[in-house]
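Q: Could you take me through this structure? I would like to begin with how the chains meet and then turn to the spaces inside.

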Amino acid sequence: MKYVAIIRQVPDGESKIKVEGGQVDLSGTTMILDQMDEYAVEEIIRLKEQHDGEAVVVAFGPERTEEAMRTALAMGADRGVLITAAGYVDPITQAAALAKVLAEEAPDVVFTGGQQADWDSQALGAATAEALGWPVITWTTAFELEDGKAKATHDLDEGAEVVRVELPAVFTAQQGLNEPRYPTLPGIMKAKKKEIKKIDAAELGVGGSKVEIVEQRIMELERKGKVIDGTKEPAAAAAELVKLLHEEAKVL
Amino acid sequence: MVLVVLDHDGSKLRKSALEGVTRGRKLAEVLGGDVVGLLIGPGADAVAEEAKDYVSKVYTVTGADFETYTAEKWAKAAQAAAAAAGAKAVVAPASRTGRSWTPRLAYKLDAALLEDTLDSWAEGDKVFATKYSFLNRVLEKQAAGLPAVISVKPNTTPLAEPAGAGTVEPLSVELGELERKVEVLEKIVESGGKVSLTEADVVVTGGRGMGSAEAFGMIEEFADLLGGAVGATRAVIDAGWRPYSEQIGQTGKTVQPTIYFALALSGAVQHQAGMNKSKVVVAVNKDPDAPIFKESDYGVVGDIHQVLPAMIEEVKKLKSA
Ligand SMILES: Cc1cc2nc3c(=O)[nH]c(=O)nc-3n(C[C@H](O)[C@H](O)[C@H](O)COP(=O)(O)OP(=O)(O)OC[C@H]3O[C@@H](n4cnc5c(N)ncnc54)[C@H](O)[C@@H]3O)c2cc1C
Ligand SMILES: Nc1ncnc2c1ncn2[C@@H]1O[C@H](COP(=O)(O)O)[C@@H](O)[C@H]1O
């Protein structure tokens, strides 16, 4: 069997982001393998360990995405395919390109992160599934192969459900699916020699973007930061807090 | 024509449906044509009676095939309705399910997808939308051509008023092979709180520092007192103290209440992604260096087991005054 994880490289959530000329400027920002995609990578490595086969990472993004792909290879994936394109490309367009590569790879199971930490998008897994004519299960928290099909538990708006899915299919990962492993030193060394095949998006006949980012602005709200010491007299602190919320903030 | 996919609970429209109608009307003013609605699944026929007051026509898709949700089936139904209506734009709720079928629909229609939007409008034959990105830290304006599929972030848009009686038209949708590949084996129902988290004006969230599931009794009491909803951090869900449906953050729900109480939680970026747009944030934490204080308007440094009971007493006093 073959298992694919679609990954992305995103800014580390802990690092500051800045805007230059109305666009997010990522130069100097620490970039990482999207933490939600880590669950996807971990899952395909586990599948390979349990059932044999091949674990392949696939990505659509700028050249630098190779760094995140090396992280996935260091965790234990076998090889990578990177579709390169600069600038913002919307998930529907990305899906068309990814589907071409995936149709050729012909995996049984595809995983990707439930939500991207840069574009806050949840669309890539579902759009790629559509492009391939495969089903999608989003926010997967448990997964097992069973009689050539997959049995998965996934989150809904309220509650969850258990589904049985014919393969091939796409799954998006939710926190709790697994505990992603850290790359080991030998893993990092081995990853350097693993194959990453690069394909220009234009070669796949995919160009442009259906959506354009017109302008971006940092939206971190200014907070008042009024802190009351309640370590010695908690009741008095609580009274002062409630008074402030009532009289100053006027929210109670 | 603009098609609005109307979320419902089997007996009435959800608030998100009326937000969708408002967005649909705004788009139709520029794009031309009427606003039509689509109801899918059990109860759609009954809800259509309510829905027809908001749109010129309500399509309903029901039957055994649509008893349970899958992204494939819902996308197929929306595609059929969009074709029947000749829709240039489709509006849908950015609920978790909404966000799982709308990408499929956009791909089917070769349309642009504007996801989880705060606002949306048309100019000429282009659509625009605003949304948050980068873990809710950036506000961006997006532009796209037609057709477009737009999902509406809950609680961002005024609710539509009724506008006279429309018609109801059942639509029959044939499932193909793809739509039969997912079989729902079991539903795991979590008892939702009395107040919907994403719609609540007050959210009271407890973190790992609460110490136990029992300690959430205090959180519930405080939330009840304020007519608010209970939230939890991932650490709390992992500990099994609260159901996942109450999780706030990157991998849980995003809330934007008037007042957000962050109690005995540290304020990790992944948690902030779900609450950093709240109007007023109040933190209680025993650690004066907890990151949440930097993200708060008001805070108390102290032990939650001492401070929260006192807060409950003070609010009771305020209420009876
Ligand atoms: C990809 C990814 C996605 C994630 N998504 C989410 C998400 O959606 N939501 C989420 O919440 N987390 C998420 N996390 C986890 C997040 O990083 C944090 O681990 C989590 O939010 C911590 O929860 P906490 O603040 O309750 O616990 P802790 O970080 O352990 O904080 C507990 C706090 O309680 C305080 N405290 C302890 N005792 C008391 C007391 N008696 N009185 C007062 N204060 C006290 C402590 O000082 C401390 O600040 C995600 C992580 C990853 C990697
Ligand atoms: N999350 C994002 N949302 C919108 N635009 C982005 C995003 N990430 C990168 N960009 C823009 O895309 C262009 C190229 O980015 P990149 O090739 O990813 O370095 C730059 O103008 C970035 O500002």
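A: The answers below treat a predicted model, beginning with the interface.

Q: How many residues of chain B are in contact with chain A?

A: On the chain B side there are 83 such residues, and they are in contact with 86 residues of chain A.

Q: And what area do chain B and chain A bury between them?

A: The buried area is about 7400 Å², and 58% of it is on carbon and sulfur atoms. Within chain B, the residues that lose the most area to chain A are B:F134, B:R137 and B:Y298, together 12% of what that side buries.

Q: What is the count of salt bridges between chain B and chain A?

A: The count is eight salt bridges. In one salt bridge, the side chain of B:K253 meets that of A:E158, at 3.4 Å from N to O. Polar contacts across the interface of chain B and chain A come to 52 residue pairs, with both residues at pLDDT 80 or more.

Q: Which strand gives the most to the side of chain B that touches chain A?

A: Strand β8 of chain B, residues 138-145, gives the most, with eight residues. By class, the side of chain B that touches chain A has 38 nonpolar, 26 charged and 19 polar residues.

Q: Which residues line the largest cavity?

A: From chain A, the lining has A:Y88, A:P91, A:W119, A:S121 and A:V211, while B:L113, B:E115, B:K131, B:E140 and B:Q142 come from chain B. Strands β5 (112-117) and β8 of chain B each supply at least two residues of this lining. Its classes are five nonpolar, two polar and three charged residues.

Q: What about the volume of the second largest cavity?

A: That volume is about 70 Å³. Among the 13 residues that line the second largest cavity, A:V136, A:I137, A:H154, B:T70 and B:A71 are the closest to its centre. β9(A) gives the most to this lining, with three residues. The lining comprises seven nonpolar, four polar and two charged residues.

Q: Which element gives the most to the lining of the second largest pocket?

A: α1(A) gives the most, with four residues. Elements that give two or more residues include α2 (65-75) of chain A and α8 (304-320) of chain B. By class, the lining of the second largest pocket has 15 nonpolar, 18 polar and eight charged residues.

Q: Turning to the backbone, where is the cis peptide bond in chain A?

A: The cis bond joins A:L167 and A:P168, with omega about 0 degrees. A:P168 lies in the loop between β11 and β12 (169-173) of chain A. In chain B, the peptide bond from B:L146 to B:P147 is also cis, with omega near -5 degrees. B:P147 is in the loop between β8 and β9 (148-152) of chain B.

Q: What is the phi of A:A106?

A: Phi of A:A106 is near 50 degrees, a positive value in a residue other than glycine. A:A106 is placed in the loop between α3 (91-105) and β8 (109-113) of chain A. Most residues other than glycine have a negative phi, and most peptide bonds are trans.

Definitions and conventions:
Residues are numbered from 1 along each chain as its sequence is written. Chains are lettered from A and ligands numbered from 1 in the order in which they are written. Side-chain values use heavy atoms; hydrogens and water are left out. Ala, Val, Leu, Ile, Met, Phe, Trp, Tyr, Cys and Pro count as nonpolar, Asp, Glu, Lys and Arg as charged, and the others, Gly among them, as polar. Contact means heavy atoms within 4.5 Å. Buried area is the accessible area (1.4 Å probe) that two parts lose on being put together, summed over both. A salt bridge is a side-chain nitrogen of Lys or Arg within 4 Å of a carboxyl oxygen of Asp or Glu. A polar contact is a pair of N or O atoms within 3.5 Å; within protein, one must be able to donate a hydrogen and the other to accept it, and residues adjacent in sequence count only if both atoms are side-chain atoms. On a 1 Å grid over the protein atoms alone, a cavity is a set of points where a 1.4 Å probe fits but cannot get out, and a pocket is an open set with protein on both sides within 12 Å along at least five of seven lines; lining residues have an atom within 4 Å of a point. Grid points are joined across faces, edges and corners, and a volume is the space filled by probe spheres set on the points.
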